[in-house]
Amino acid sequence: MSYSRLRSNADYTNAYAQSVAEPEAFWAAQAERFTWRRKWDHVLQWDFNAPQVEWFKGGRLNITENCLDRHLASRGDKTAILWEPNDPGEEAQRISYRELHARVCRFANVLEHNGAKKGDRVCIYMPMIPDLAVAVLACARIGAIHSVVFAGFSAQSIADRIQDADAAFVITTDGMARGAKKVAVKAIVDEALRTCPGVKRVMVVRHTGEEVDMQAGRDVWLHDELKQVDADRPAEEMASEDPLFILYTSGSTGKPKGVVHTCGGYMVYTDYTFRNVFQYEEQDVFWCTADVGWVTGHSYIIYGPLLAGATSLMFEGIPTYPDAGRFWQVIDKHGVNIFYTAPTAIRSLMAQGLDFVRPCSLSSLKVIGSVGEPINEEAWHWYKEHIGKDRCPIVDTWWQTETGGILISSLAGITDEKPSYAAWPMPGVQPVLLTPEGKEIMENEVEGLLAIKFPWPSIIRTTWGDHERCRQTYFSSYKGYYFTGDGARRDAEGRYRIIGRVDDVINVSGHRFGTAEIENAINESEWVVESAVVGYPHDIKGQGIYAYVIAEKPVTDPDQARSEILATVTKMIGPIAKPDKIQFVSGLPKTRSGKIMRRILRKVAENELNSLGDTTTLLDPAVVDEIKAGRV
Ligand code: PRX
């Protein structure tokens, strides 16, 4: 058995057993599905202490050959990307595998014509339009390393990411439309590039048609460039372990890090999980509502679905435009069969009431999924009943930017589901729960720190330009394990429930921010002396951001001071990182050694004022009373 497609609970159990007993044989069988220019010499070589993980070493391939060329004979006319625009009055686009192949080849030639080559870093800052998928695949076609930056990030964030990756190329658009809002995308890029002298070329896709400044010698229009290139571009041959992309994500330290994924393992794993978790069938229309700027969009809008030869719906807009029924209308309009979204979206649409759901039939749906943060039971049941109509299995998929693909989830309709539990590890994934001292907890019905003790094919390989940081962040806390940063519970039967982060990472609407990252941004305001940021439970966003700020002088106009802070955070990171609550304080609870006692700040933010614990070791215990009294 290759266990390539799991169709029953017994298949899952057997596949899982084989994947643990003979991981190399298991993954080699999955890898056989693909087009390799050269087969691998070794399936897996690894050492978590280095860390060094290599899958399919010696193998040569190109992921776009597997996403595109491989399908042309049998699926050339099938829709690869089904694009739904922001404006429902505008026509949707269906791009066939053949057409996507041609567009990717042409774009790849444009990249090359402009000097980009294998190994170069290309920063992509674009709205959710087909050219974004084309740009990503065009980079992969020539072996350039894409670094997609979510188009909600600020100019400063783009600049930081371009500089860190030393990207000489940028792909962007003139503007973008999100709901009723228009955003001048190119102008944001221009601002970022003021501090990025290393950028040689900016390729601009005309999308909204608005006026933009084009810097002679640096900026070119894609449509002009396309006229000058051939329609074909054979895929560059890559080694399995050549980098495919960098994606920046936040951790407990101030600066986001560039998570690096490589070609071979990422390909095998995203395809495997896509087909099995969602129980994808050839005719299905699959819709993942994430943005390509996050890992979910990389793995389950672009690579996973295209590797499987699926039709992947890409949506430009937002769930509430023109009204809060848009998701449900789009599902009916395109006959979506598999729908994959985030708990924050479910909760916010749930809050809008059923009037937006009722007019839609949703009868095409077969499977519904959730990703990005814990889904609370209320939202789970609402999703199950009102969207899944009590007939669609829910897959609650737990994974991370660093894991590349889904690690824990039930398989739709195959393995059982349980509200608020991501449930079962994927074949090849060996989760463990650890005590804070690093001891494996063997029993069930326990909570612990979630770690993984064996590599899976799409595990993070390094953090760009700083391998030591990768080692320290993920492989040094508990020797011999990949540490996830999450806490989890295992129930009596062995299902996993993710409780949330145990480090200084806040998950806001499924987006990760480091507390230090937001503090650094707040501290950019001249009059801010110090700040401390914590997360607190938020009905819609999952977690909200609570900032305690010490100002130079007593704050006389708190509203004005708050808006200044919000503006600074928007400028430094982007509007998604704006604190929900800001409290001005005269001091922070610190130990005698100067460490901020975040536990106390968290309790105050959560309004758990009676369970602050021991405060006697603080340098100045009185500050706690002030903070409690001033809670916002
Ligand atoms: O805390 C977990 C949470 O999101 C974190 C990873 O965030 P990011 O790298 O941005 O990737 C998000 C999309 C894969 C995890 O450490 N998380 C993700 N999925 C779930 C989740 N928490 C609970 N349940 C999930 N299904």
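Predicted model: local features only at pLDDT ≥ 70, side-chain atom pairs only at ≥ 80, totals over all residues.
A polar side-chain atom of Arg501 lies 2.8 Å from an oxygen atom of the ligand. The protein covers 96% of the 540 Å² of accessible area that the ligand has on its own.

Two further polar contacts involve the backbone of the protein. A nitrogen atom of the ligand is 2.7 Å from a backbone N or O atom of Thr397. Glu373 also takes part, with a polar backbone atom 3.3 Å from a nitrogen atom of the ligand.

The shell around the ligand can now be viewed as a whole. It holds 16 residues, and the closest are Asp396, Thr397, Thr401, Asp486 and Arg512. By kind, the shell divides into five nonpolar, six polar and five charged residues. Two strands, strand 20 (394-397) and strand 26 (496-501), each supply at least two residues of this shell.

Strands of a sheet pair through backbone hydrogen bonds, either parallel or antiparallel. Here five strands form an open sheet in the order 22-21-23-25-26, with antiparallel pairing. Its edges are strand 22 (440-441) and strand 26, each of which pairs on one side only. The partner of strand 26 is strand 25 (residues 482-490), and five bridges join the two in the antiparallel sense. Within this pair, Arg490 stands opposite Tyr496 of strand 26.

The phi angle of Lys389 is near 50°, a positive value in a residue other than glycine.

A second sheet has eight strands in the order 12-11-8-6-7-14-15-24; this sheet is open and its pairing is mixed. Strand 12 (219-221) and strand 24 (462-463) are the edge strands, each pairing on one side only. Inside the order, strand 14 (residues 243-249) and strand 15 (residues 257-262) pair over six bridges in the antiparallel sense.

Strand 1 covers residues 42-47 and strand 2 covers residues 52-57; the two run antiparallel and are joined by five bridges. His42 has Lys57 in strand 2 as its bridge partner. The loop between strand 1 and strand 2 contains Pro51. A cis peptide bond joins Ala50 to Pro51, with omega about -15°.

Another cis peptide bond joins Tyr321 and Pro322, and its omega is about -5°. Pro322 sits in the loop between strand 17 (311-315) and helix 11 (326-334).

Finally, the chain can be read in terms of domains. The domain assignment gives domain 1 (33-424 + 431-452) and domain 2 (506-629). The centres of domain 1 and domain 2, taken over C-alpha atoms, are 32 Å apart. Where the domains meet, the contact takes 23 residues from domain 1 and 21 residues from domain 2.

Notes: Residues numbered from 1 in each chain as written. Heavy atoms only, no water. Near = heavy atom within 4 Å. Polar contact = N/O pair within 3.5 Å; in protein donor to acceptor, adjacent residues only side chain to side chain. Areas by Shrake-Rupley, 256 points an atom, 1.4 Å probe, with all protein chains shown as cover. Helix = DSSP H or I, 4+ residues; strand = E, 2+ residues; numbered from the N terminus. Nonpolar A, V, L, I, M, F, W, Y, C, P; charged D, E, K, R; others polar. Pairing = 2+ DSSP bridges. Domains from an automatic or database assignment. Contact = heavy atoms within 4.5 Å.
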